[in-house]
Amino acid sequence: MVQRFLSVLGGLILIFSGTASGQPMSTEHIPDSEIPQRTNNFYLLGKVWGYLKYHHPQVKGGCFDWDKELLSVAASINEAKTRSAALNVLTTWVRQVDQPRPDCELELAKREPSKLGERSWIQDEVLLGPDLAQALMAVNARAEQYAGQHYVTLVEGIKNPQFLTERSYAGKKELGWPYRLLALFRFWNIVEYWSPYKNVISQDWDQTLIEFIPRFIDADDEGKYVTELMVLVARVEDGHTALWSHFHLSPPGGRLYVHAHIRSIEGRPVVWRASKNGFRKGLAVGDVILTIDGAPVERLVDAWRPFYGASNESALRRQLYLNLLRGTEKFVDVRVERNGREVDLTLKRKRGPTRMNTHDRDGKTLQLLSEDVAYLKLSSVSAKDVPKYLEKIDGTRGLVIDIRNYPADFVVFALGQHLVQQTTPFARFTYGDLAAPGNFLWTDSMNLGPKTPFYDGKVVIIVDEASQSNSEYTAMAFRAGLNAAVVGSQTAGADGNVSSITLPGGYETKISGIGVFYPDRSPTQKIGIVADVAVRPTIAGIRAGRDEVLEQAVKVILGEEVSQGKLEELIRLSQARP
């Protein structure tokens with residue numbers, strides 16, 4: 001399987017590196033004259049099937065095997081040679097589904113109909129023809145009269161969607177094209193109706209469906225199918241979204257890693273942390289990776305981009321560079337730039353990454369950098385230990401909270417309530433409307449309520465591209481503190497409790513299931529947490545063993561008058577303490 005996939009991947013690298021726009025793979029077995037009409041017919045099927053799935057009372061009531069319906073109608077659409085023939089098939093099907101079923105018990109809902117929103121296309125007679133548009137509008141007229149959704153529910157309290165009734169069809173080793181279209185239509189419609197961030201996807205989502213229909217039809221072996229799934233889910237541009245069940249097949253492929261942490265520094269792949277596992281020599285901190293097995297890094301990065309979903313460039317580079325030296329072979333040849341000269345290395349790969357996404361300090365969770373400055377890293381924080389932390393930092397001028405990591409424990413309220421003196425809003429959410437899919441509802445603001453003891457020193461939160469999801473949410477909460485500021489660089493811009501999705505073939509992906517916004521409804525997705533004081537590491541600083549972001553955070557606390565030499569000495573000496 002891996003070898004077949006890597007062969008397919010090699011072909012795709014040539015395609016994507018050869019065209020700036022990332023054109024879809026060819027569909028050689030389908031005559032060119034048939035592609036536009038065939039694609040358009042299936043496009044209408046995917047749209048109508050998804051609409052009925054979440055809106056038709058009897059379908060969302062669980063009275064139909066909706067996957068089976070798709071497979072049946074897809075065969076008829078495949079035989080339709082004209083737009084008119086396809087519209088007739090769809091119109092007849094909708095009217096059949098719309099026939100009352102005495103055996104189908106439906107729960108009445110009590111609410112006023114909402115605006116069409118994401119459903120407005122069902123009125124488009126140019127797109128659908130008058131008969132199909134009228135049939136869909138008839139469905140829409142009573143869609144919200146009935147409660148419940150068979151194919152989606154909301155997690156109690158959190159309200160992100162969960163898709164528990166979707167079948168995986170994992171026993172089918174070779175999926176035929178109808179099942180591949182089922183995968184495409186299932187995922188596309190979940191994003192269409194249940195992603196709170198669909199509106200910030202760069203490419204028009206309908207165009208994505210049109211593009212991928214021939215690609216999924218053409219993906220006639222498992223390797224091609226997996227490849228297309230990876231590229232499709234990456235189009236959501238959500239840091240939570242990847243083909244997680246088969247992530248090891250994403251380029252460069254494999255489960256073996258060089259145990260080194262590669263980061264984007266000054267836009268280049270730089271060794272930030274490394275263990276001594278080289279075959280001849282090991283990587284050194286500050287090395288810039290130039291080539292891998294003879295291939296220039298930037299050429300590889302450009303070829304691999306379509307396979308990695310990320311909300312912004314900072315997060316995309318983080319993901320790409322973390323996987324840069326992954327592979328299937330035990331050894332890899334690497335050329336690096338080291339202090340002005342190029343060095344060739346042969347490095348040994350081992351199974352499993354180590355500390356691959358943490359940019360904080362070594363040592364204890366809570367550290368006193370001086371009698372005036374405390375440092376708390378959340379990668380090992382414990383909510384139950386918050387009272388101990390507060391006791392130890394009492395009397396300091398400032399606290400640096402390092403969220404260049406993922407919190408080991410949820411401390412938003414356990415710590416955040418000690419940073420405010422009155423009830424303080426810091427975030428609000430959106431969640432999908434079960435009665436009107438495609439619409440999203442606002443929650444009330446999330447608030448920090450004050451609790452003694454109040455920490456009256458300055459609070460500096462440091463963030464970067466490693467800060468994602470709960471890290472970003474935590475930063476939003478702490479930033480709302482009375483004396484707080486954020487130092488660092490753009491975060492991953494991917495927040496919101498995740499929702500898992502099963503796709504035919506037994507594949508799994510996820511999306512951000514709720515929208516996370518500031519109390520004034522300004523967005524965080526893609527943008528991330530914007531620093532009050534922007535600072536990034538430099539290659540020279542890394543080679544010198546400095547933490548320039550932490551230095552700036554300490555400077556915010558102690559004031560501009562503190563010298564650079566004093567800053568470096570303070571941080572270096574504190575790190576040497578037991």
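Biologist: In which loop does Gln490 lie?

Modeller: This is a predicted model, in which local features need pLDDT of at least 70 and side-chain atom pairs count only at pLDDT 80 or more, while totals for chains, interfaces and linings use all residues. Residues are numbered from 1 along each chain as its sequence is written, and side-chain values use heavy atoms, leaving out hydrogens and water. Helices (DSSP runs of H or I, at least four residues) and strands (E, at least two) are numbered from the N terminus. Gln490 lies in the loop between strand 18 (484-488) and strand 19 (498-503).

Biologist: Which side chain does a polar contact of 3.1 Å join to that of Gln490?

Modeller: Leaving out residues up to four places away in sequence, Gln490 touches (heavy atoms within 4.5 Å) eight residues by name: Asn312, Ser314, Asp464, Glu465, Lys526, Ile527, Ile529 and Arg536. Gln490 is partly exposed, because its relative accessible area is 28%, between the cut-offs for buried (under 20%) and exposed (over 50%; 1.4 Å probe, protein chains only). The side chain joined to Gln490 by the 3.1 Å polar contact is that of Ser314.

Biologist: At which residue does helix 6 bend by about 80°?

Modeller: Helix 6 (residues 125-143) spans only 20 Å between its end C-alpha atoms, whereas a straight helix of 19 residues would span 27 Å, taking 1.5 Å times one less than the number of residues. The buried residues of this helix include Leu128, Leu132 and Leu136. The bend, taken between axes fitted to the seven residues ending and the seven starting at a residue, is about 80° at Asp131.

Biologist: Which residue caps the N-terminal end of helix 6?

Modeller: A side-chain oxygen lies 3.0 Å from the backbone nitrogen of Val126.

Biologist: What distance separates the C-alpha atoms of Ala436 and Tyr193?

Modeller: Ala436 is found in the loop between strand 14 (424-432) and strand 15 (440-442). Its relative accessibility is 0%, so Ala436 counts as buried. Although Ala436 and Tyr193 are 243 residues apart along the chain, their C-alpha atoms are separated by 9.0 Å.

Note on methods
Polar contact = N/O pair within 3.5 Å; in protein donor to acceptor, adjacent residues only side chain to side chain.
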